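Dear colleague,

Please keep it open beside you while you read.

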Amino acid sequence: MAARFRPDPTFYPSPTMAMQAPPEQLAYVAMLDPTGKTRPDAMAVVDVDPASQSFARVVGQVDMPHIGDELHHFGWNACSACLCPYAPHPHVERRYLVVPGINSSRIYILDTQPDPRRPQIVRTIEPDEVFKKTGYAGPHTTHCGPEGIYVSALGSPDGGGPGGIFMLDHESFDIRGRWEIDRGPQELHYDFWWHLGYDTLISSEWGTPNMVRNGLVPELLLGGKYGNSLHVWDLRRRKHIERLELGPEYQMVLELRPAHNPTRPWGFASVVVSLKDLSASIWLWFLEGGKWQIKKVIEIPAEPADPALLPPLLKGFGAVPPLVTDINLSLDDRTLYVSCWGTGEFIQYDVSDPHNPKKTGSIHLGGIVRQTAHPDRPDVKLGGGPQMVEVSRDGRRVYFTNSLYAPWDEQFYPGGFDGWMVKLDVPESGQGMSLDPRFFLQFEPGLRGHQVRLQGGDSSSDSYCYP
């Protein structure tokens, strides 16, 4: 990587400045083969410039060299965190995509330059190297931090626990090793994020590779064995501080979205399902009186349904659970978006007061029972539902895809479904949203879209050290 003499122009000291950035023109979308056997996964480049003749189309694609990776939550090698005063690295650039395969434990490094429409694989970190240098397997989420690239992992090479975090150098992409020095009682792992202004990292829990890679295990779910806690860490000392338990009723604590303003010590966590009534929920973590606390601030109920329309896993319940599988927070910390992959609802909340969210918008697409069509193709019933969501830096555009994780797709949508991606427009007020009738992208047969990253950064790619 060549050194730069000025910071990358896509790095911003604060979220407020990032919101003034030029609109994105391209999106990178991880695409997976749901069979894991037919063809390699791929990275698609999608034109998101409304003035372009190829708007809402795939304009570039790179196929992976192996079959069965299941590309998951990828990210940039460097971002605005490189401008933090205690670990500045302004000479690096937002150029490379770090792309993990959750099933293979392989990690690809894609170079998006010199032509961002034609990314190239420039390095492959093989599974054996990941296993040997970290003791982890199932790499899941990547985040660019002030001093390097953080990668979460679901568990160990034998499929058990513990899961955790390991580090990559953001220039050479060499594996540095495990991040944790003192992990305390933490065993399960999923997502992680931080409050750079408070030297605090927060992590969440899903399950080990053995608990998730063949689909949801009813016995584990009903036994309350999936993740139900958040963990608080000392970011600098890499030490576990405390565990915040939501209670065994709340299963699978997944996505974390901290406030972007580094002076605000709070954030949101999503919970997939409650064993009590199949509802989903959003929880707020916050620092008050020198103590980290959590409380439920949103509950989304299950919807009654004809058992004949439900997959075998749900027939006995006679209801469709929302299955909240992703959330995203706008850069001004005012608007939260929630994907209900089961019911097909996509919800917008005003979280200006994070303790008291207010629902301000809702649309339906897909869903286990509804199968709601897109305005562009009103005759096509859609499978899957709102899943991986990404918000533009200015908060005016929202994109989402419809695939969760291949074995879970199969359980909840046993008839299968095609992969698609949509765009929503949001007014300047941040309240309300509407589907863009021009943007309904169906991926090529046999591939489904998952994680979305926007060129130049988005609302979940960067962290900031200044308000």
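In what follows, buried means that a residue has under 20% relative accessible area, while exposed means over 50% and partly exposed lies in between. Please bear in mind that this is a predicted model.

Another salt bridge joins arginine 257 to glutamate 255, where the closest N and O atoms are 3.6 Å apart. Arginine 257 counts as buried because its relative accessibility is 7%, and glutamate 255, with a relative accessible area of 2%, is buried as well.

Arginine 176 has a salt bridge too, with aspartate 169, at 3.2 Å from N to O. Is arginine 176 buried or partly exposed? Arginine 176 is partly exposed, because its relative accessible area is 44%, which falls between the cut-offs of 20% and 50%.

Salt bridges can also be linked to one another, as in the network that includes Arg123, Glu129, Lys133 and Asp174. The count for the model comes to 33 salt bridges.

Finally, there is threonine 335, which lies in strand 23, a strand made up of residues 335–340. Threonine 335 is buried, with a relative accessible area of 6%, and a polar atom of its side chain lies 3.5 Å from the backbone oxygen of glycine 430. Leaving aside residues up to four places away in sequence, threonine 335 touches several others, among them Asn328, Tyr349 and Gly430.

Best wishes

Key: Residues numbered from 1 in each chain as written. Predicted model: local features only at pLDDT ≥ 70, side-chain atom pairs only at ≥ 80, totals over all residues. Heavy atoms only, no water. Salt bridge = Lys/Arg side-chain N within 4 Å of Asp/Glu carboxyl O. Buried < 20%, exposed > 50% of the residue type's maximum accessible area, 1.4 Å probe, protein only. Helix = DSSP H or I, 4+ residues; strand = E, 2+ residues; numbered from the N terminus. Polar contact = N/O pair within 3.5 Å; in protein donor to acceptor, adjacent residues only side chain to side chain. Contact = heavy atoms within 4.5 Å.
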